[in-house]
Amino acid sequence: MGGVTEVAWTVAWTVVDAPIGPLLVAGTRQGLVLVGFRAGPEYVERTVAALGRRLGAPAVADADRLAPVTDQLAAYFDGRLRAFDLPLDWSLATGFNRRVLRELAASVPYGTVVGYQDLADRVGEGREALAARAVGSAMGANPLPVVVPCHRVIESGGGIGGFGGGLEIKRQLLALEGVLPAPLF
């Protein structure tokens, strides 16, 4: 009795051209699992291999499977989308980081910002300076930037703070959302 064998699941990935530079996006059966900045060939090769090992599944280029992601990213960068509606796979974030990132995704909408300490308070980490630093570390480890908007987290005193993608990309994203003035050139 020759049956149909189930095809093993894979991690789909593609590179998206964006105004902030090429983005590597990857997804699993559960949803979007990774957004990576500066997705040049070496970065893509290294990151895709590491992602496949970490998730225990082969990673294959599959732009069709990621069409909903690429469509929403294009709409966001064109100014037509203010809230992503994508299933997310939180496999690459755990513990405190996952808690902070979920709170960020749920409570800091397009065009707004939140301080590191304010976000720490929202997840019940108290007024300790270390809590704000821990939030900063969680933002730096965000596997889903842009979609889970770590660019919207700033210093409590109003400074821009850090950003894993670089401060210029953070400025561009905040300008796109109307939080900062657009650069002159």
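Predicted model: local features only at pLDDT ≥ 70, side-chain atom pairs only at ≥ 80, totals over all residues.
**Exercise 1.** Classify the ring pair formed by Tyr76 and Phe77.

*Solution.* Step one concerns distance: the ring centres of Tyr76 and Phe77 lie 5.1 Å apart, and rings pair if their centres lie within 6.5 Å. Step two concerns the angle: the two planes stand at 75°, and a value over 60 degrees counts as edge-to-face. The pair of Tyr76 and Phe77 is therefore edge-to-face.

**Exercise 2.** Tyr76 also forms an aromatic pair with Phe84; state how this pair is classified.

*Solution.* The centres of Tyr76 and Phe84 are 5.3 Å apart, with 40° between the planes. Planes under 30 degrees apart would be stacked and those over 60 edge-to-face, so the pair of Tyr76 and Phe84 is tilted. Tyr76 has a relative accessibility of 1%, and therefore counts as buried; Phe84 is buried as well. Ring pairs join Tyr76, Phe77, Phe84 and Tyr110 into a cluster. The count of aromatic pairs comes to four.

**Exercise 3.** Identify the buried residues of helix α2 and the elements against which they pack.

*Solution.* Helix α2 covers residues 67–77. Its buried residues are Val69, Gln72, Leu73, Ala75, Tyr76 and Phe77. They pack against the strands β1 (11–16), β2 (23–27) and β3 (32–36), and against helix α6 (167–176). Just after α2, Gly79 adopts a positive phi of about 80°.

Notes
Residues numbered from 1 in each chain as written. Heavy atoms only, no water. Buried < 20%, exposed > 50% of the residue type's maximum accessible area, 1.4 Å probe, protein only. Helix = DSSP H or I, 4+ residues; strand = E, 2+ residues; numbered from the N terminus. Contact = heavy atoms within 4.5 Å. Phe/Tyr/Trp six-rings, centres within 6.5 Å; stacked < 30°, edge-to-face > 60°.
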